[in-house]
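Here's a quick briefing on a few spots worth a look.

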Amino acid sequence: MQYESTLEFARAQDEADPLRTYRDRFHLPSLGTPELVYFTGHSLGLQPKTVRAAVELELDEWAKYGVEGHFHSTNPWYSYHELLTPPMAGIVGARESEVVCMNSLTTNIHLLFVSFYRPTEQRYKIISEAKMFPSDRYLLETQTKFHGSDPDDAIIEVAPREGEHLIREEDILNAIDANADQVAMVFFGGVNYFTGQLFDMQRLTEAAHAVGAVAGFDLAHAAGNVPLLLHEWDVDFAAWCSYKYLNSSPGNVGAIFVHERHGRNFELPRFGGWWGHDKSTRFQMKNGFQPMEGAEGWQLSNAPILGMSAMKASLDVFAEAGMPALRAKSEKLTGYLEYTIDLLAAEFPDADISIITPRDPGQRGCQISMDVAGRERRLFDDMIAAGVIADFREPCIIRMAPVPLYNSFEDVFTFGKVMRELLA
Ligand SMILES: *Cc1c(COP(=O)(O)O)cnc(C)c1O
């Protein structure tokens, strides 16, 4: 695509954008700045305007029915979580039986480790990425310790090579091969939160399986951002949150994927709770845990309806727009941000600006991480003051996500204009 750094060009792209009306369906924060550019959907997605009514409906139903709302409300609470499954399964390329929305992300990964991290004296290592999201790193450290090993020995971190920012796939594959007899699990973020690098999950899964290990992914930055085919890729398990690209409200319920071959395996160890127990006998309240088939068999508790009602409203918007259309726009819009940053880097060489996210659209979603070594944190503070909302990570990385559901080409143009003023 041929980009131009003019307002006319940006507006023409927005005019021609088949998803242009979706921006109006979200509350865009203004923070008192007239031209606010929100590039932080990678951390907290914006609020769909339909959320308020969806939550209010459940508040009204609760007021009206009390406990009877479990069976008599418009969307009975007893089975409310089931409404979320089809759109969520569509987003991650899974069968409906393989997905359930429950708990939150870190909790869910711990629960999945109960089933999928079964270390033996010989096979106990986890191959993972260096500079993981801290919650995932703490999870790996405490899981390996819990099973009696030393995290420094049990966790193998594949890092970018000296002087590079991205992890080379061949280095991951080599690490798997080099530890073939000892690897219990390959566990990666589908999209790395820091660099925005998208990993080839199918390839990593194949490599893990080839040495007798399982493959699991944290999809916090991938779900709703990049095309996923978890079932077809034969991924063993995955978990993600819903408040980043999925716009479901701060800290809201997450979701898990368990491949159907494991969902049917009742021998797998797991922690049980009544909501994972066979639906047909759940209310007999008898001893003897009988898990449901599929991902639902990992549930513990009855569903938090207020949060899930917000999630339902946001997933409905997603389902309507459709991942293929979102991805098509995402590639163009992210390319425009990349082009804009490259222009700034060329115009202001002293600022020492560069992009650390992969250049290949096939290896990234909508996040661009910009290295601002020349100006460091000052530039970020100035950006915020000027109304460009992004995210700063030490030492000097600014992470931005032009989100196809609600960001526009004009947002990207405005970003370029603001930066030009700041850097001049
Ligand atoms: C956002 C994020 C989390 C957050 O975990 P919560 O349990 O939802 O607080 C964890 N891991 C990764 C990779 C993330 O990006």
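This is a predicted model: local features need pLDDT of at least 70, side-chain atom pairs count only at pLDDT 80 or more; totals for chains, interfaces and linings use all residues.

Residues are numbered from 1 along each chain as its sequence is written, and side-chain values use heavy atoms, with hydrogens and water left out. Helices (H or I, at least four residues) and strands (E, at least two) are DSSP runs, numbered from the N terminus.

**Helix pairs**

- Two packed helices are described by the angle between their axes and the distance between the axes. The axes are lines fitted to C-alpha atoms, for helices over the stretch in contact, and angles run from 0 to 180 degrees between N-to-C directions.
- Helix H5 (residues 105-116) and helix H6 (residues 134-146) have axes that come within 10 Å and cross at roughly 30°. H5 and H6 are therefore roughly parallel to each other.
- H5 goes past H6 in a right-handed crossing. A crossing is left-handed if the near helix is turned anticlockwise from the far one by less than a right angle, and right-handed if clockwise.
- On the H5 side, Thr 106, Ile 109, His 110 and Phe 113 meet Ser 135, Asp 136, Leu 139, Leu 140, Thr 142 and Gln 143 of H6. Contact means heavy atoms within 4.5 Å.
- Sorted by class, this contact of H5 with H6 has four nonpolar, five polar and one charged residues. Here Ala, Val, Leu, Ile, Met, Phe, Trp, Tyr, Cys and Pro count as nonpolar, Asp, Glu, Lys and Arg as charged, and the others, Gly among them, as polar.
- Next up are helix H4 (residues 80-92) and helix H12 (residues 305-321), which pack at an angle of about 35° with axes 9 Å apart. H4 passes H12 in a left-handed crossing.
- H4 brings Tyr 80, His 81, Leu 83, Leu 84, Pro 87, Met 88 and Ile 91 to meet residues of H12 including Ile 305, Met 308, Leu 315 and Phe 318. That contact of H4 with H12 has 12 nonpolar, two polar and one charged residues.

**Helix H14 and what follows**

- Which residues of H14 (residues 377-385) are buried? They are Leu 379, Phe 380 and Met 383, where buried means under 20% relative accessible area, exposed over 50%, and partly exposed in between (1.4 Å probe, protein chains only).
- Arg 378 and Ala 385 are exposed, on the face of H14 turned away from its buried side.
- The cover over the buried residues of H14 includes strand S12 (368-372), strand S15 (397-400) and helix H15 (409-423).

- Val 100 sits in strand S4 (residues 99-102) and is buried, at a relative accessible area of 0%.
- Although 154 residues separate Val 100 and Gly 254 in sequence, they are 8.7 Å apart in space, C-alpha to C-alpha. Leaving aside neighbours within four places in sequence, Val 100 is in contact with residues including His 81, Gly 254, Ile 256 and Glu 296.
- Val 92 belongs to helix H4 and is buried too, with a relative accessible area of 0%. Not counting residues up to four places away in sequence, Val 92 touches Val 99, Ala 223, Leu 228, Leu 229, Leu 230 and Trp 240.
- Thr 205, in helix H9 (residues 201-210), is buried with a relative accessible area of 1%. Beyond its neighbours within four places in sequence, Thr 205 is in contact with Ala 215, Phe 217, Trp 233, Asp 234 and Val 235.

**Backbone details in loops**

- Asp 234 has a positive phi of about 70° although it is not a glycine. Asp 234 lies in the loop between helix H10 (230-233) and strand S9 (237-240), and counts as partly exposed at 29% relative accessibility.
- Ser 249, also not a glycine, has a positive phi of about 110°. Ser 249 is in the loop between S9 and strand S10 (254-258), and its 27% relative accessibility makes it partly exposed.
- The peptide bond from Glu 394 to Pro 395 is cis, with omega near 0°. Pro 395 is in the loop between S14 and S15.

Key: Angles under 35 degrees count as roughly parallel, over 145 as roughly antiparallel, 65 to 115 as roughly perpendicular and the rest as oblique.
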